[in-house]
Amino acid sequence: MKKHFFASIIGISAAITMIATGCSNKFDNQIQNGEEVSESISTEEFPTETSSSTTVYTDVTTTVPKFTSGVTCTTIAPDAPTIQRLISNMTLEEKIYQMFIVTPEALTNFSGSVTEAGDMTKSAIEATPVGGIIYFSQNIESWQQTYNMLHNSQKYARDTHNDIGLFLAVDEEGGSVARVGDNLRTYSSYDMEYYGDRLEYDTVYNLGYTIGATLSDLGFNLNLAPVADVDISDENELGSRIFSSDPQIVSEMTANFVRGVEDNGISATLKHFPGLGAGTGNTHNSSVLIERTYNDLLYSEFVAFSGGIQAGSDFVMVGHQITSASGDNLPGDLSPIVVTDWLKNDLGFTGLVITDSQSMGAITENYTPGEAAVLSIKAGVDIILMPYDLNNAVSSVKSAISSGEISEERINESVYKILEKKLNLGLIDVDIQQTTTTTK
């Protein structure tokens with residue numbers, strides 16, 4: 001594998017610029033009619049089933065503007081007093097709940113697939129004011145149904161708890177992981193390996209832009225993509241979802257994808273730090289140990305992740321893999337070395353740190369939901385994704401605070417960052433100064 005030395009990786013500026021939000025684009029007036037929106041977002045052919053049941057994907061290069069075209073964005077100025085006032089008005093339990101994103105099924109305790117947000121969702125949000133909801137393919141049936149579900153959920157949250165809205169998330173990488181693209185047929189693309197092999201940097205920006213515009217029109221505000229792993233082992237669990245075996249190509253590709261997504265006011269997420277590409281197992285099923293020295297990471301995985309970080313990715317997802325260089329035998333999202341020493345200190349990431357789903361076997365086989373949540377927060381994580389048991393996780397965090405294992409100041413630190421990002425995304429109803437800029 002060709003490696004590119006990245007001499008400035010240590011000491012990357014910690015002052016990552018917050019991405020501008022509220023960006024205008026050509027899709028702004030297309031909200032109400034689901035079919036009209038779907039058709040206007042992409043005029044290309046959509047995937048069709050061939051006689052051998054293989055999916056044919058077309059390109060996206062002609063459907064969206066290049067990233068050099070002017071983009072007008074509205075940035076909400078930082079307002080520490082407003083955020084501090086919000087925090088002071090929250091109970092400890094409300095603050096803890098802000099640190100969790102769950103599925104609509106976990107939120108409502110509904111045994112089937114949730115496809116609408118009605119009284120059950122409203123009651124659940126009132127009782128368990130989580131920070132966000134993540135949706136999967138089974139939740140997304142049509143444009144109007146998805147639009148209504150998201151907007152109703154958002155309204156319930158803002159009406160109920162201090163006017164604070166929800167992170168509404170989806171995994172929308174493109175290619176084989178396209179919950180919205182596949183179900184609503186709004187766009188089509190190849191897996192990311194295709195673009196990495198061909199060095200199609202502008203196409204990746206355009207893909208990110210298309211995805212960001214689509215998600216924004218529906219009501220999503222958080223995309224758990226792109227994959228920033230490096231393709232090191234032929235047996236890793238991600239395969240063609242990875243851009244390249246060259247860390248510099250991954251760095252530049254993910255940076256372009258992040259810019260495309262976030263130019264539409266959608267938060268992007270780099271995953272799965274510190275990298276799953278050298279693994280040979282699957283963290284969905286069980287523990288995975290990846291043998292990597294710190295120098296291995298420094299000149300490969302860290303290079304790859306640094307591109308998206310410098311591009312302003314709002315989130316980084318930390319995976320469950322155990323990386324030998326940490327020396328603590330802990331999954332990444334439970335490890336202070338991985339989260340704080342490497343991601344925050346060495347790579348200078350100042351955004352929101354989120355775990356991978358803590359319903360995966362790598363966590364559930366070895367930790368209770370409460371143990372995993374407590375260890376994650378102690379490691380420096382801001383948001384815990386999909387705990388296997390939300391009630392157990394929240395009660396365990398409360399107990400850890402009562403015993404002094406976790407300080408309330410530590411909780412406030414993450415909640416401040418969460419509310420700051422929600423304020424920046426327009427998810428909190430407060431009057432605040434805004435600045436509008438246009439890139440040339």
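In this predicted model, helix H10 passes helix H12 in a right-handed crossing, a crossing being right-handed if the near helix is turned clockwise from the far one by less than a right angle, and left-handed if anticlockwise. Helices (H or I, at least four residues) and strands (E, at least two) are DSSP runs numbered from the N terminus. Residues are numbered from 1 along each chain as its sequence is written, and side-chain values use heavy atoms, with hydrogens and water left out. Local features need pLDDT of at least 70 and side-chain atom pairs count only at pLDDT 80 or more, whereas totals for chains, interfaces and linings use all residues of the predicted model.

**Helix H10 and its partner**

- The axes of H10 and H12 (residues 301-310) come within 7 Å and cross at roughly 20°, the axes being lines fitted to C-alpha atoms over the stretch in contact and the angles running from 0 to 180 degrees between N-to-C directions.
- That angle makes H10 roughly parallel to H12, a term that applies to angles under 35 degrees.
- H10 covers residues 247-262, and its 16 residues should span 22 Å at 1.5 Å a residue, which agrees with end C-alpha atoms that are 22 Å apart; the expected span is 1.5 Å times one less than the number of residues.
- Of the 16 residues of H10, 14 are buried, so that the helix is mostly covered, where buried means under 20% relative accessible area with a 1.4 Å probe and protein chains only.
- The N-terminal end of H10 is capped by Asp-246, a side-chain oxygen of which lies 2.9 Å from the backbone nitrogen of Gln-248.

**Strands S12 and S14**

- Strand S12 (residues 315-318) pairs with S14 in the parallel sense over four bridges, pairing being assigned if DSSP finds at least two bridges between two strands.
- Within this pair, Val-316 stands opposite Val-353 in S14.
- Strand S14 (residues 352-355) is covered on both faces, with Leu-352 and Ile-354 buried on one side and Val-353 and Thr-355 buried on the other.

**The five-stranded sheet**

- An open sheet with parallel pairing has the strand order S9-S6-S5-S4-S15, and its edge strands, S9 (222-223) and S15 (384-385), each pair on one side only.
- Strand S4 (residues 100-102) runs parallel to S15 and is joined to it by two bridges, with Phe-100 standing opposite Ile-384 in S15.

**Helix H15**

- Helix H15 (residues 369-379) is largely enclosed by the rest of the structure, because eight of its 11 residues are buried; among them are Pro-369, Val-374 and Ile-377.
- Just after H15, Gly-380 takes a positive phi of about 115°.

Key:
Buried means under 20% relative accessible area, exposed over 50%, partly exposed in between (1.4 Å probe, protein chains only). A polar contact is a pair of N or O atoms within 3.5 Å; within protein, one must be able to donate a hydrogen and the other to accept it, and residues adjacent in sequence count only if both atoms are side-chain atoms. Angles under 35 degrees count as roughly parallel, over 145 as roughly antiparallel, 65 to 115 as roughly perpendicular and the rest as oblique.
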